[in-house]
Amino acid sequence: MRTANIHITILILAGLCISACSTVRTVPEGDRLYTGADVKWEGDKPKDYGTLMENLEDNIRPKPNRRFLGMPIRLWLYNLGNEPKGKGLNYLFREKWGEPPVLLSQVKQDYTANVLQQYLVDKGYFQADVSSAIKTRGKRKASAVYTAFPHHRYTIKNVTFETDSSQLGRTIARTKEGSSLVPGAPYSLDSIKAERERIHNLLKEQGYYYFTADHLLVEVDSTQNGVVDLYVTLKDNISPLARKPYYMRRITLYPDYSLDEDSLSRTGEEVKLYRNFGIVDPEKKFRPIVFRRSVFLRPDSLYRLSSHDITLHRLIDLGTFKFVKGQFRPVRNRDSSLQPAAADTGRLDASFYLTPYPRYSMQAELRGTSKSNGFVGSEVKVTGRNRNWKRAANLLEISASGGMEWQTGGNLASNNSYSLKGEVSLTVPRFLIPFRAFRLRSPFVPRTRISLSYELLSRQNLYNLHAYTGQWQYIWRQTRNLEHNWAPVSITYVLPSKTTAAYDSILKVDPVQRRAIEKQFILGGNYTVTYNNQAPDRVHSFYISGDVDVSGNVAGLLIPKSDSTKNIFGNPFAQYVRLGADFRHYWQFSKGMTWVNRLFAGYGLPYGNSVTLPFVKQYFTGGSSSLRAFRARTLGPGSFRDTTSRFLANEAGDIKLEFNSELRMHLSGILNAAVFIDAGNIWLQKESPNRPGGQFNAGRFYKEIAVGAGAGLRIDASIVVVRLDLAFPLRKPWLPENERWVIKDIRFGDPDWRKENLILNIAIGYPF
């Protein structure tokens with residue numbers, strides 16, 4: 001009761017403090033606090049009414065003081081301070097945390113009304129009118145009201161391409177098909193700009209290197225009743241260079257160009273010809289074959305913008321060069337007596353200047369972790385890179401890492417562990433395949449990655465676990481947003497050693513833990529496809545990923561039917577099919593607020609040699625990037641709850657469903673906040689006598705969903721995001737069916753409840 005009274009007192013004091021901090025405290029005498037503007041629309045609403053209103057509101061200036069959850073917190077903070085005389089608290093309130101009031105005297109209502117009117121004219125409302133008024137509230141506040149009278153909206157009646165009979169004119173006339181200017185559509189200045197860009201890009205694809213969108217003119221005849229005729233034509237006095245298509249003559253690469261020593265000034269350097277292009281590389285730092293699949297421009301071929309862009313993107317996407325600059329020069333006739341127009345040969349020389357990254361680099365990482373299951377740890381990782389191994393733009397990486405993890409709660413020292421890992425990987429900027437390589441006409445470089453790794457996990461006084469992994473991967477980006485990763489060969493060999501009597505005693509009360517150290521081969525492959533269109537200015541963004549992981553199918557065919565043990569080199573191998581899908585939707589309400597929803601579904605089907613998925617391939621839940629109200633690896637499967645042993649948190653399943661919803665808000669500077677709700681669980685494919693209630697059942701799985709909620713703070717320092725999430729359960733699936741919702745049991749003032757239910761997750765990066 002005493003604790004509750006203290007909380008009430010704090011809330012009352014905070015409310016009095018906020019109430020005392022008036023929003024108009026610092027408004028000068030004779031002025032008013034500007035609280036924003038409303039836009040009214042008088043007349044019929046068009047189909048794109050929502051977009052029109054949104055853009056009208058965006059064009060209004062100034063913007064009122066920013067609000068968080070409807071409250072002008074930064075204005076309140078500004079009003080808490082006085083004029084600063086140094087770097088004290090007043091300076092923080094006024095200069096750092098606060099925001100001065102936006103005043104009515106700053107509002108230029110006539111100018112803003114003209115801006116809104118011009119926007120409507122650009123959208124086809126040629127007789128539009130916008131009026132403005134000031135609406136006062138009380139003695140110290142005011143807002144603006146802008147009323148739009150759009151009147152009739154003009155539509156397109158006819159589109160005529162008026163060009164001459166020259167080669168350029170005929171080429172432009174042929175672009176009419178597919179025009180973005182459609183008869184019957186509303187007139188829009190944006191659509192006219194888009195049409196000019198469309199024609200410009202098509203001409204660039206036909207060799208017109210010097211042609212620009214500014215050479216085109218779209219004339220508007222609005223003298224008719226409510227409709228317009230559009231005439232697409234060429235401007236007068238266009239340069240002769242813009243009127244002719246160009247062909248390529250030479251393509252030359254300078255792969256060792258230095259910004260400090262301008263290679264453009266160097267002359268007389270030998271150009272080494274390779275296939276369709278030349279290379280100036282006196283130090284021979286790169287083999288010419290590196291650029292074979294990156295240069296899409298060809299001598300004696302028509303200049304094409306797509307080939308130009310693909311070449312630039314490919315050279316950048318090699319990952320070896322930090323700067324790439326392309327330069328095109330017209331080839332002139334050597335006869336000096338000719339006029340400039342006659343001296344032009346209609347051919348181009350292209351030069352690409354490439355500034356490489358340092359060939360060798362070393363990176364060291366120090367990580368700290370704090371897990372919701374009571375473990376803390378640290379890891380040091382050192383990675384050495386060679387960005388130009390074998391002079392072929394191959395990326396060779398050698399990394400070594402070591403870490404320790406220890407338990408901060410409990411009295412079992414045996415839970416402490418350390419890990420060591422080493423990996424060697426080679427990434428080649430092309431597909432390594434046994435047959436003739438096909439050439440992808442794409443701006444993105446396809447890659448082959450080959451890796452070998454070894455990892456040792458040692459749990460003190462329990463066991464050692466060795467894992468050897470080899471992979472052969474093909475990685476390619478189909479579009480800017482769509483990426484594929486296919487590993488036709490993925491081999492993992494897990495070998496336990498040094499199991500102790502202490503671990504044997506754990507197995508007696510929790511025999512399922514034996515799966516964590518099973519000796520076996522995982523022989524198979526996997527494929528992942530990812531779509532991601534996230535962008536800072538996009539209102540709705542999506543991340544969609546799907547993966548297929550298969551093991552043991554080929555090995556199973558090779559083992560003779562007479563071999564009942566089904567082993568390879570005397571060791572069992574896993575057989576399973578594993579499918580996963582991750583769907584995320586990012587809804588950006590404003591620049592400071594985003595609502596993120598995530599749905600994950602995973603399904604594993606063991607067969608043949610396997611009763612369950614291998615432990616390293618099973619699904620886990622709980623923890624800082626999953627259900628944050630439950631400790632990592634302690635939830636599930638299904639309604640099962642292990643009450644006999646809590647020595648090791650290793651609850652795993654073959655099936656996983658998870659939903660997360662998180663509202664992210666920017667507070668100030670690098671400080672962000674979030675509120676969230678998580679739901680989900682894991683299940684087994686087959687019933688296990690050691691885990692009753694753990695099998696997935698389509699008729700009852702929804703009754704076994706765990707639910708948690710919480711709030712968090714995020715410190716976003718650009719290079720790293722430190723996240724602190726505090727969460728508590730709302731639904732516990734291991735309780736009797738009619739008692740699983742535990743909202744009524746929430747008692748933040750009870751220390752015993754907090755100890756059992758409040759989970760603090762400290763992590764690096766966002767959860768999803």
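Select Arg628, Glu662, Arg664, Asp678, Arg714, Arg723 and Asp725: in this predicted model, a network of salt bridges links these residues. Across the structure there are 30 salt bridges, and the next stops cover some of the others.

Go to Arg598 and Glu658. Their side chains form a salt bridge, with N to O at 3.0 Å. This pair ties together distant parts of the chain, 60 residues apart: Arg598 sits in strand E24 (residues 593-606) and Glu658 in strand E25 (residues 655-668). Arg598 counts as buried because its relative accessibility is 9%, under the 20% limit. Glu658 is also buried, at a relative accessible area of 2%.

Next, select Asp582 and Arg584. A salt bridge joins the two side chains at 2.9 Å, N to O, and both residues are buried.

Now move to Asp164 and Arg243, whose closest N and O atoms are 3.9 Å apart in a salt bridge. Here too the partners come from distant parts of the chain, 79 residues apart: Asp164 is in the loop between strand E4 (155-162) and helix H6 (167-174), and Arg243 in the loop between strand E6 (227-234) and strand E7 (247-254). Asp164 is partly exposed, with a relative accessible area of 39%; Arg243 is partly exposed as well, at 30%.

Last, show the surface and pick Asp38, Glu54, Glu57 and Asp58, which form a negative patch. Helix H2 (residues 49-58) contributes the most to this patch, with three residues. Glu57 lies in helix H2 and is partly exposed, its relative accessible area being 41%.

Methods
Residues numbered from 1 in each chain as written. Predicted model: local features only at pLDDT ≥ 70, side-chain atom pairs only at ≥ 80, totals over all residues. Heavy atoms only, no water. Patch = residues over 30% accessible without salt bridge, like charges linked within 9 Å, V, L, I, M, F, W, Y side chains within 5 Å. Areas by Shrake-Rupley, 256 points an atom, 1.4 Å probe, with all protein chains shown as cover. Salt bridge = Lys/Arg side-chain N within 4 Å of Asp/Glu carboxyl O. Lys, Arg positive; Asp, Glu negative; His and termini not counted. Charge placed at Lys NZ, Arg CZ, Asp CG, Glu CD. Helix = DSSP H or I, 4+ residues; strand = E, 2+ residues; numbered from the N terminus. Buried < 20%, exposed > 50% of the residue type's maximum accessible area, 1.4 Å probe, protein only.
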